[in-house]
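This note is intended for a colleague who is meeting the structure for the first time. The points below take up the contact between the chains and then a sheet.

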Amino acid sequence: MNGGARSAAPAVVRSSVDSVFRRRAGQLSATLTRILGIEHLDLVEDVVHDAFVQALRTWPYSGVPDNPSAWILSVARNRALDILRRQGRWRERSADVERAILPGADGGEPRSYFSHEVEDDQLRLMFACCHPALSRDAQVALTLKTVGGFSVVEIGRAFLTGRATVAQRVVRAKRTLREVGATLDVPSGDRLAPRREAVLEVLYLMFNEGYAACEGEDLVRADLCREAIRLAELVAAHELLGAPVVHALAALFLFQAARQPARVDADGELVPLEKQDRGRWDRSALRRALGHLRLAGRGTEVTPYHLQAEIASCHSLADSFEETDWRRILDCYDALAARDPSPVVALNRAVALAEVEGPEVALRALAHVADHPTLRAYEARWAIEGDLLCRLDRGREAAAAFAKGVELSRSQPVRRHLARRLRDARSHASPPVTADARGR
Amino acid sequence: MPRFMLLLHEDPSAFADLSPQDVQRAVGEYTAWREGLAENGRVVGGDKLTDEGGRWLTGEAGSVRVVDGPFAEAKEVVGGYFMVRAADYDEAVEISRSCPHLRYGGRIELRQVEDLGG
C-alpha cells in the first residue's frame, strides 16, 4: 500500500519546457528500429508509446522514480525482448537489446546515450524516413513521429492539419517503406547527395513551421525549431553524411533562432525587426551559427541554403537595424533569384530592394510577381506591399493591402500586428520608414 | 474526517493520442496534485491494480462460476484507486476535480467510505 508519492520528483519531470521525454522517445524509437528492423516500425512505435503510457498509469501511485528515463527504457526493453522471443529471434538479437538499452549503473544515465550509437541510430532512421518513395509531407510526418517523438496531434497542430490526416500519412508512409523494402542502410556514393537533399528539405520545413510566429505557450513550435537545429547539427557533424551545405542550413537555423527571444514582447505581441532589442538575441546561438557559416564556406558549392544563411547573418550580425548591409542582402537575393525564380524569392528581394533603391523601385519589382497565386494567398506579400505603399504615403491603398494580410494571417500575433498597421494606415499616421512587414 | 475512495476508470482509447510531452506534463501535474493533498494531510493511500481483467465470480444454483474479467477488449477498466480524507462530498469533489486523471485517462467514481465505528 503506497501511503504517499515521493515528494521530490526529479526536476526534469517538473519542467515542461525541456522536452526530455520527447527526446527520449525519439532516441528509443531509433534504437529499437535498428534492433527490431525498420519493417517493424509499427511495433517499435507501439513499444515506445506503451512504455510512456505505462509510466503515466503507474507513477501516480508509486511516485516518480529517481531516474524516470531508466524506468521507461526498462519497460521498453522488456517488451522488446518479449517481442523478439515471440518472433523466435530472441537468441540472435536479445544481446543487442541488452547492450543498446542498458540503464546505467546506480540509476545513472543509460549507457548507450554516452556513445555515438544512438546518434547513428537517429541518423539512419531520419535518412530512411526521407526515402524518395514518400511524398515530402509523408517524410516530414514520419520523421517528426519517429525521430522527433512528436504525436500525430502535435504534428497536426503545428502544420494546421487534421490529426486524422497526419495519422493516415504516417500509416501509409510506413506501409510504403515496407513495400519498397527500405532499409536503415544510408545510401552511399552518388546516391547519398539526393537523399541528403531530401533530409535537408524536411529539416527546412520543420524549422520554418516552428519559426512561424505563434501564440503564448505553444511549445510544440519552439520544439520544432530546436529539433530541426539538433538534427541538422547531427548530420553536419557526421563524417560521412555531413557536407558544407548542411552547415549552411544549420547556420541559417541558428541565425534565425538567435533572434527568437526578442521577436515577441511580454504581452505576446510581435516586435518588428527594427524595433527588436538586440541585446536579447541569443549570443551563443549566434556564435554557433558563425561557426557553421565558416564550415559552410569550405566547399566549392554555393547552394541556396548558403545564400539564405548569408542573408540571415547580415541581419543577425548587424549591431542595429540601420547598420544592416542591405546591399549585400540584395546581392544574395539576386543570386537566389538567378537560380530559383520563385515568386517568394522575388517578394523577399523586394524588401531588400526597398532599402537599397527606395520603395518606388521595390513596388515596381513586386508588381511583376504580385499576382502569382502562391503570393496572393501569402499574408507576407500583402504586408510587404502595404508597407511599401505606406512609405510612399499611399495610405488608402496600404490599408487595403494590410486588410488582405489580416484576413490571411494564420498566426494571432501576426494578425494583431497587421491589424495595427491597418489602423495606422487608415489614419494616415503610419510610421515613416519601416521594414517590419514580416515581423522578422 | 471521513474517507473517500476515488476509483479511477480508464478508457484505454484515451491514451492513444498522448505524446511523450503530454506524459511529461501529466506526471508533473500528478506529482503536484499528490503533494498538495499530502501537505493538507488528505492522503490516505492509493494502489494501482494489475493490468489484466481479474476474475468474475458468480454464485449459480449451488455452485460458483469463475470467469476471467475482460481487459484487452474492455471499453473501460478500473486502473487503480486513491483514498483521501475530506469533510464531505463537496470537498471530496473539489479534490477529485483537480486530479489529472480526468484530463489524461478517463473518469473518476467517487464514493464515501462508510464509518462503521469499532
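**Notes on the interface and the sheet**

1. In this predicted model, 32 residues of chain A are in contact with 25 residues of chain B. Four helices of chain A each supply at least two residues of the side that touches chain B: helix 1 (11-14), helix 2 (20-36), helix 3 (41-62) and helix 8 (152-158).

2. Helix 3 of chain A gives the most to this side, with nine residues. By residue class, the side of chain A that touches chain B comprises 18 nonpolar, nine polar and five charged residues.

3. Chain B holds an open sheet of four strands, with antiparallel pairing and the order 2-5-1-6. Its edge strands are strand 2 (43-48) and strand 6 (106-112) of chain B, each of which pairs on one side only. On average, neighbouring strands of this sheet are turned by 20° against each other, direction ignored.

4. In general, the strands of a sheet pair through backbone hydrogen bonds, either parallel or antiparallel. Strand 2 and strand 5 (residues 77-85) of chain B run antiparallel and are joined by five bridges. Opposite D47(B) stands Y81(B), a residue of strand 5 of chain B.

5. Which helix of chain B packs on the sheet? Helix 2 (residues 89-97) of chain B does so, touching strand 1 (3-10), strand 5 and strand 6 of chain B. The direction of helix 2 of chain B makes about 155° with that of strand 6 of chain B.

How values were computed. Residues are numbered from 1 along each chain as its sequence is written. Chains are lettered from A and ligands numbered from 1 in the order in which they are written. This is a predicted model: local features need pLDDT of at least 70, side-chain atom pairs count only at pLDDT 80 or more; totals for chains, interfaces and linings use all residues. Two residues are in contact if their C-beta atoms, placed from the backbone, lie within 7 Å. Ala, Val, Leu, Ile, Met, Phe, Trp, Tyr, Cys and Pro count as nonpolar, Asp, Glu, Lys and Arg as charged, and the others, Gly among them, as polar. Two strands pair if DSSP finds at least two bridges between them. Axes are lines fitted to C-alpha atoms, for helices over the stretch in contact, and angles run from 0 to 180 degrees between N-to-C directions.
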